[in-house]
Amino acid sequence: MCGIVGYLGDQQAYPILIKGLHRLEYRGYDSAGVSMISQSGELNVYKAKGKVVALEESVKNDDISGTIGIAHTRWATHGEPNATNAHPHYSQSKNLSLVHNGIIENYKTLRTELESRGYTFCSETDTEVLVQLVECMMDTHKSDLFTAVQFALKSVVGAYAIAILEKSNPDQLICARKGSPLIIGVGKNENGNAEYYLGSDATPIVEYTNQVIYLNDEEIAIMDRKGRLDIVNLQNVQQTPHLHTLQMNLDQLEKGGFPHFMLKEIWEQPNALRTCIRGRLNKEQKDVILSGIIDNKEKFKNCRRIIICACGTSWHSALIGKYFIEEACQIPVEVEYASEFRYRNPVIFEDDVVIAVSQSGETADTLAAIQLAKSKGAFLYGICNVIGSSIARATDSGTYLHVGAEIGVASTKAFTGQVITLSLLGLVIAKVRNTLSDDMYNMLVDELFMIPDKMQWTLENNKNIDEFAQKFTYCKNFIYLGRGYNYPVALEGALKLKEISYIHAEGYPAAEMKHGPIALIDEEMPVVVIAPRQGMYDKVVSNIQEIKSRNGKIISVVTEGDTIVKEMSDYSFVIPDTRDCFVPMLAVIPLQLLSYYVATAKGRNVDQPRNLAKSVTVE
Ligand code: F6R
């Protein structure tokens, strides 16, 4: 949540900062701001409520010169979204400006202390407290900015990624992180002079350099125009910067002719999953190789149980993973909301394997959940999409999704990427524990291999959802039903609809309807039922009958060739036949498209729905 961009070099900073903010806008879009040290030596700060375009509009007549700058796009935590609370914030003397992503938990105490020393505040934010604190430390200790930042961060409780400018020192950029992500891009201009870029993720950086440093918790970095790049931790111990090469290309960050990232990412799924399984699923040799497991086979062989921690859509894929791993590997799997798990003193054994599933790899609750599990001695495995993310680095081993950057706030290709990765993991564990017959194992490998082609078929054969979706814009509620592997799909379909169309939607296990929710059914209520031929088909047919007899409108997801459910339905989406356990990767596609088209018909901003941010780095 919140996006930070920074630049120090020979180029004009403003265009780089603004482009970077657009790339990071998915992390928060209620206000934005930039700060540059101008050619004449002024430390300017410009801010606007709303999206980055509002900021661009508002600075048209201002001095936006300067070759050093920081910028921010905000998802409000402390203080309403307005220009005053937007970042960057000045210090009292206006010698410093600072941007921040995270939450300073003890900001009230710090603010009271600073007020007693004569500091006054313009905003309600915890960030302004931070910049004032740094200035106060400079004054108190008569120190330079770098040392003052160290002092200040030692008295801060909470999470932060910060970048800070000093008017009297226009040749240096300072940043730090704890709990919120921050990446430093290291480049060189054509004259061989050093250039530095900052980003909350790699998207604002990749255009200029593919050499990056992932800052670790409690590290502070100082960069200057002469090429100095020093990283020191809060204890003042010098750290060795490790350069990584980004595996991202610019195409992933463009809409590629689609009106929205979400639609592009829905259509990317077949190829994204092909990339995900490439080199891992070997059809000829009937083998599954996950390099993250090769050295840790014993952990999975001997573990007492698996606990999967995740949030939101990732929690839904984790639930599908649980069903598959329990069925294929005969090992108990618990799926936990990371936000609950971290605060309830759960029982964790040293021979547990704890898996974190997270697209961004930055979700604060998931990160905290695995840190708790680590403190109790469990083996940690990460399933993340974003390479070099905090969760990927905090786990003992893991597997990347490799589905490419997901920019749309509503997760689509990461969900199916997570499901296929958990299926690969289940197959590897089944092999290690010898829980599947060779025939079954081989058949599952063959079937999994065909999933990307079947996804393509599903996309091609559900193009008319566009027109169909128009009929539902008036709806206030939707129900989604599924059983077995498709219950999590019902949850995911409902989440997709509510987050981008703002229509209330609930997912239920189909058989639970009669225990209460059936009271909601009337002729106004669309009920989306996932009813593939595989898995409890007859039971789902009975559930549909119960709804029909109460005049509910049935929208079904059925297997190609189905007639029974199709005839009972007001509308059906068709998917190809596959094994029960792999249906979710196909069945979710029409539901993603349905939510996309309902939301666009309602005029919603599907890529940046209200109140949401892609990467939830606060609790
Ligand atoms: C929904 C969605 C969220 C995320 C959740 C976890 O479309 O995207 O529910 O799934 O915030 O995020 P990650 O997977 O990054 O940990």
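Reader: Why is helix α5 (residues 145-154) described as largely enclosed by the rest of the structure?

Author: The model is predicted. A residue is called buried when its relative accessible area is under 20%. In helix α5, seven of the 10 residues are buried, so the helix is largely enclosed by the rest of the structure. The buried residues are L145, F146, A148, V149, Q150, A152 and L153.

Reader: Which elements do the buried residues of α5 pack against?

Author: Their partners are two kinds of element. The helix among them is α4 (126-141). The strands are β6 (96-104), β7 (158-166), β8 (172-178), β12 (219-224) and β13 (229-233).

Reader: What makes K142 exposed rather than buried?

Author: The threshold for exposed is over 50% relative accessible area. K142 has 71% relative accessibility, and therefore counts as exposed. K142 belongs to the loop between α4 and α5. Its phi is near 50°, which is a positive value in a residue other than glycine.

Reader: Where does Y502 lie, and what is its phi?

Author: Y502 is in the loop that runs between α17 and β24 (504-509). Its phi is positive, about 65°, although Y502 is not a glycine.

Reader: What is the corresponding reasoning for C303?

Author: The cysteine sulfur nearest to that of C303 belongs to C329 and is 9.1 Å away. The cut-off is 2.5 Å, and C303 is in no disulfide. C303 has 5% relative accessibility and therefore counts as buried.

Reader: Why is K47 called partly exposed?

Author: Its relative accessibility is 25%. Buried would require under 20% and exposed over 50%, so K47 counts as partly exposed. K47 is situated in strand β3 (residues 43-49).

Reader: Which residues does K47 touch, leaving out those up to four places away in sequence?

Author: The contacts of K47 are A32, G33, L55, S58, A83, T84, A86, H87, P88 and H89. For one of them, G33, the C-alpha atom is separated from that of K47 by 4.0 Å, although the two residues are 14 residues apart along the chain. Another of these contacts, H87, is joined to P88 by a cis peptide bond, with omega about 0°. P88 itself is in the loop between β4 (68-74) and β5 (89-90).

Reader: What makes the approach of the K47 side chain to A86 a polar contact?

Author: The limit for a polar contact is 3.5 Å between N or O atoms. A polar atom of the K47 side chain is 2.7 Å from the backbone oxygen of A86, and this value is within the limit. The backbone oxygen of T84 is 3.3 Å from a polar atom of the K47 side chain, again within 3.5 Å.

Reader: How many residues surround the ligand, and which are the closest?

Author: The ligand is surrounded by 15 residues, the closest being S314, S358, S360, T363 and E499. By class, five of the shell residues are nonpolar, eight are polar and two are charged.

Reader: Which polar atoms lie by oxygen atoms of the ligand?

Author: From the side chain of S314, a polar atom is 2.5 Å from a ligand oxygen. An N or O atom in the side chain of S360 is 2.7 Å from an oxygen atom of the ligand. T313 contributes a polar backbone atom, 3.1 Å from a ligand oxygen. On its own the ligand has 410 Å² of accessible area, and the protein covers 90% of this. Elements that give two or more residues to the shell are α10 (312-329) and α17 (487-501).

Reader: Why does T366 count as buried?

Author: T366 has 1% relative accessibility and therefore counts as buried, the limit being under 20%. T366 is part of helix α12 (residues 364-375). Beyond four places in sequence, T366 touches C309, A310, C311, A338, A356, V357 and I391.

Key
Residues are numbered from 1 along each chain as its sequence is written. This is a predicted model: local features need pLDDT of at least 70, side-chain atom pairs count only at pLDDT 80 or more; totals for chains, interfaces and linings use all residues. Side-chain values use heavy atoms; hydrogens and water are left out. Buried means under 20% relative accessible area, exposed over 50%, partly exposed in between (1.4 Å probe, protein chains only). A residue is near a molecule or strand if one of its heavy atoms lies within 4 Å of it. A polar contact is a pair of N or O atoms within 3.5 Å; within protein, one must be able to donate a hydrogen and the other to accept it, and residues adjacent in sequence count only if both atoms are side-chain atoms. Accessible areas come from the Shrake-Rupley method with a 1.4 Å probe; for residues, only the protein chains shown count as cover. Helices (H or I, at least four residues) and strands (E, at least two) are DSSP runs, numbered from the N terminus. Ala, Val, Leu, Ile, Met, Phe, Trp, Tyr, Cys and Pro count as nonpolar, Asp, Glu, Lys and Arg as charged, and the others, Gly among them, as polar. Contact means heavy atoms within 4.5 Å.
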